[in-house]
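Let's take a walk through this one together, with the structure open beside the text.

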Amino acid sequence: MEELPIKPSGIRMQEDFISEEHEREVIAILESLDWPNRRGRVSLHWGYTFSYQTFGIDKDTPYKPFPDWLAPLLPETEGRPPDQVCLQYYPPGSGIPPHVDTHSAFDQLYALSLGAPVLMDFREGKGPRTEVDLPPRSMVQMSGDARLHWTHGIRQRMTDTLRDGTVRPRAPRWSLTYRWMREGAACECGDVSVCDTAQSRVGLEREYRWKQGDQSQTPAA
C-alpha cells in the first residue's frame, strides 16, 4: 500500500486489491444476503457487532464467524484477522455523515470499496475539505491524522464532480470496513475535539455520538 501525498497524512491505498472477476463474484454474493428492509444505507456485521448506541463493540451480541467468501477479502498487513467487519450497501444518492471511528474501541481501520467509485471527504475541524476518490476494488488504510484527527464521510448526492470538471453519476456501491480492537481500550492522542478517551479524562460527555436521526445514516465507517 502506498501513502497518498495529501493531507491528511496516513491514507494508504492499494488499487485493484482483487480482480474485476472476483469483484463480480463477491457482488453477486452480497446482493443475495439478507439485508435490513429499510431505505438508504444499510449494514451487516461479522466478528464482533458494531454498536450504534456506544459506537464501540456490542457486548450483548455473540461473535459471528466470518463467512468463507469474506476470508480472501481480509487485509493481511496487521498479522491477524480483524475483530470486527462491517459491510455496508450505499444505494445511489446515499452517504455517511462526517465522523471519526471511536478512538478507545478501535485501533487500525481499513476499508475495501466494491461497485461504483465515490468521493470521500476528509476534514480537520472546520477547515477545508479534502476529497479522496475511492476507486472500485481499492483497499484503503487510515492511520495517523487520517484515523485520529480528521473526520471522514460521504455526502448525500446523486453525482460527484471530479477535479477535471467531469460530473460522475453515483451508482450502487458496497464497502467493507475492517476494525481491530484497541488494547487497553484507551487512546493516548489527547485530541479532546474527537477522542472519547481524552473527553472522558477532562469530564466531558462525548459530543460525537450521532444519536439523533435515522440510524441508516449513523456513522459506521
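This is a predicted model: local features need pLDDT of at least 70, side-chain atom pairs count only at pLDDT 80 or more; totals for chains, interfaces and linings use all residues.

Let's start with charge. Side chains of opposite charge can pair when their charged atoms come close. Search the whole structure for such pairs and you get 14 salt bridges. We'll stop at a few of them.

Go to arginine 80, whose side chain meets that of aspartate 83 in a salt bridge, 3.4 Å from N to O.

Next, look at aspartate 133 and arginine 168, which form a salt bridge with an N to O distance of 2.7 Å. This pair links distant parts of the chain, 35 residues apart: aspartate 133 belongs to strand β8 (residues 130–134) and arginine 168 to strand β12 (residues 167–169). Here aspartate 133 is partly exposed, at 32% relative accessibility, and arginine 168 is buried, at 16%.

Now move along to arginine 201 and glutamate 188, another salt bridge, with the closest N and O atoms 2.9 Å apart. Arginine 201 is in helix α3 (residues 196–201), whereas glutamate 188 is in the loop between β13 and α3, so the bridge ties together parts that are 13 residues apart in sequence. Both of these residues are exposed. Elsewhere, salt bridges that share partners join Asp121, Arg129, Glu131, Arg155, Arg157, Asp160 and Arg170 into one network.

Is glutamine 108 buried or exposed? With 19% relative accessibility, it counts as buried, since the limit is under 20%. Its side chain makes a polar contact of 3.2 Å with the side chain of glutamine 141. Setting aside neighbours within four places in sequence, glutamine 108 also has contacts that include Glu78, Met142, Ser143, Tyr178, Arg179 and Trp180.

Finish on the surface, where Tyr48, Tyr63 and Met181 form a nonpolar patch. Together these three have about 270 Å² of accessible area. Methionine 181 lies in strand β13 (residues 173–181), and its 35% relative accessibility makes it partly exposed.

Notes:
Residues are numbered from 1 along each chain as its sequence is written. Side-chain values use heavy atoms; hydrogens and water are left out. Patches are made of residues with over 30% relative accessible area and no salt bridge: like charges are joined within 9 Å, nonpolar side chains (Val, Leu, Ile, Met, Phe, Trp, Tyr) within 5 Å. Accessible areas come from the Shrake-Rupley method with a 1.4 Å probe; for residues, only the protein chains shown count as cover. A salt bridge is a side-chain nitrogen of Lys or Arg within 4 Å of a carboxyl oxygen of Asp or Glu. Helices (H or I, at least four residues) and strands (E, at least two) are DSSP runs, numbered from the N terminus. Buried means under 20% relative accessible area, exposed over 50%, partly exposed in between (1.4 Å probe, protein chains only). A polar contact is a pair of N or O atoms within 3.5 Å; within protein, one must be able to donate a hydrogen and the other to accept it, and residues adjacent in sequence count only if both atoms are side-chain atoms. Contact means heavy atoms within 4.5 Å.
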